[in-house]
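Have a look at the sequence and the model first, then try each task before reading on.

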Protein chains: 2
Amino acid sequence: MTKKTVEFYFDVGSPAAYLAWTVLPRICAQAGARIDYRPMLLGGVFQATGNHSPMTVPAKGRYMMGDLERFARRYDAPFSHNPFFPINTLTLMRMLTALQMRGDARMPACADAIYRAIWVDGRNMNDADVVAQVLQAAGFDPAQLLAQASSPEVKERLKAVTQDAVARGVFGAPTFFVGSHMYWGQDRLDFVKEALEQHA
Amino acid sequence: MTKKTVEFYFDVGSPAAYLAWTVLPRICAQAGARIDYRPMLLGGVFQATGNHSPMTVPAKGRYMMGDLERFARRYDAPFSHNPFFPINTLTLMRMLTALQMRGDARMPACADAIYRAIWVDGRNMNDADVVAQVLQAAGFDPAQLLAQASSPEVKERLKAVTQDAVARGVFGAPTFFVGSHMYWGQDRLDFVKEALEQHA
């Protein structure tokens with residue numbers, strides 16, 4: 001495989017990962033690169049690395065709100081803060097992992113629906129009923145997806161991807177790899193772009 | 001006073017503040033803006049806000065090294081990591097405060113010499129003898145500056161500027177204000193530039 005690839009480690013609970021989600025496809029299309037989606041559990045990454053959400057420092061959390069809004073305007077991406085933040089994303093990330101494991105090409109469409117529910121529509125994705133509504137509206141069978149997400153293989157896979165991310169140096173989301181080069185943050189997408197131009 | 005102003009909160013111990021230090025004068029010259037230098041104690045900001053250096057999370061610290069190097073290349077700024085990091089900057093920031101309090105126009109030149117000693121030449125600025133050498137080489141009288149830095153007025157002033165920064169929402173360095181808009185990080189200088197263009 002000679003096609004350029006961006007490995008994209010993400011969690012739907014991160015507003016910065018959401019912004020990257022909206023922009024990365026454009027960057028990769030322009031560079032003729034493909035996205036290797038790596039759903040991981042950000043909470044697991046934080047636990048393993050000792051890192052934590054910027055929102056845990058009140059002054060930083062307040063600043064980050066405006067910072068994310070500025071980037072959303074720059075990207076022309078719809079964005080609003082979720083009143084139910086933080087969202088427990090364990091089941092959601094297991095669902096995306098399940099779709100990916102069975103080779104379902106709609107995994108990105110499912111992630112997209114979840115991202116929009118959280119970071120555009122301000123839905124409460126901590127509520128299983130809301131999750132079911134969102135998935136159904138996006139054309140998925142919530143009960144089936146939940147059952148698949150609960151299988152030991154899926155649970156193990158999400159854990160393995162998360163541990164692998166940590167082993168490679170990941171400490172937050174979003175994180176991108178272009179070859180061996182790691183970039184953290186939606187605000188580093190210009191470096192991802194440069195890396196795609198340089199490391200053909 | 002109608003001239004556009006960037007208030008620049010900095011501490012010489014922060015490599016990100018050093019990078020901003022090298023680039024901000026260019027941005028302000030192009031925008032016809034002046035820099036209002038605000039020497040503060042980053043350790044005091046961390047203590048007051050519950051924030052801490054990214055270097056305290058090992059994986060993040062390792063990543064930050066490469067991240068700062070990438071920005072240094074982008075800015076064409078000389079940069080190397082300081083083997084004596086973290087530097088206790090209390091006396092250094094008091095010295096800069098003392099110069100500023102007595103209206104000495106060489107304050108930026110003094111900060112520049114200290115920044116270069118730490119972030120270009122890798123000197124051990126935890127060592128009073130090294131500090132004296134660096135100040136002397138830059139044309140300052142180390143003993144005189146140290147005496148001034150030890151005055152109660154200077155100590156109080158640095159404390160007051162730091163507390164004022166925290167009260168305005170500062171939680172890290174470098175931090176910039178353009179009017180009431182706050183920007184944190186050397187990686188937000190493009191927004192500072194935009195703000196100078198917009199808020200004339």
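**Exercise 1.** In what order do the elements of chain A run from the N terminus on?

*Solution.* Keep in mind that this is a predicted model. Start with the inventory: chain A has 9 helices and 4 strands. Written out from the N terminus, their order is β-α-β-α-α-α-α-α-α-α-β-β-α. Next, check the overall dimensions. Chain A has a radius of gyration of 16 Å, close to the 16 Å that the globule rule gives for 200 residues, so the chain is as compact as a globular protein of that length. Along the principal axes, its C-alpha atoms fill a box of roughly 45 × 45 × 35 Å. Of the contacts in chain A between residues at least 6 apart in sequence, 72% join residues at least 24 apart.

**Exercise 2.** Work out which strands pair with strand 1 of chain B, and in which sense.

*Solution.* Begin with strand 2 of chain B (residues 34–39): strand 1 (residues 5–10) pairs with it in the parallel sense, over 6 bridges. Now look at what connects the two. Together with helix 1 of chain B (residues 15–31), strands 1 and 2 make a right-handed β-α-β unit. Then turn to strand 3 of chain B (residues 175–178), which pairs with strand 1 in the antiparallel sense over 3 bridges. One residue lets you follow both pairings: B:Glu7 stands opposite B:Asp36 in strand 2 of chain B, and its bridge partner in strand 3 of chain B is B:Phe177.

**Exercise 3.** Find the buried residues of helix 9 of chain B and say how they are arranged around its axis.

*Solution.* First list them: within helix 9 (residues 189–198) of chain B, the buried residues are B:Leu189, B:Val192, B:Lys193, B:Ala195 and B:Leu196. Next, look down the axis of helix 9 of chain B: these residues fall within an arc of 160°, so they line one face of the helix. Lastly, ask what covers them; the answer includes strand 1, helix 1, strand 3 and strand 4 (181–184) of chain B.

**Exercise 4.** Describe the side of chain A that touches chain B.

*Solution.* Count first: the contact takes 15 residues from chain A and 15 from chain B. On the chain A side, helix 3 (58–75) and strand 4 (181–184) each supply at least two residues. The largest share, 5 residues, comes from helix 3 of chain A. By residue class, the chain A side divides into 7 nonpolar, 4 polar and 4 charged residues.

Technical notes: Residues numbered from 1 in each chain as written. Chains lettered and ligands numbered in written order. Predicted model: local features only at pLDDT ≥ 70, side-chain atom pairs only at ≥ 80, totals over all residues. Pairing = 2+ DSSP bridges. Right-handed = clockwise from strand over helix to strand, strands pointing away. Rg over C-alpha atoms; globule rule 2.2 N^0.38 Å. Contact = placed C-beta atoms within 7 Å. Buried ≥ 20, exposed ≤ 12 C-beta atoms within 10 Å, placed from the backbone. Arc of directions from axis to C-beta. Nonpolar A, V, L, I, M, F, W, Y, C, P; charged D, E, K, R; others polar.
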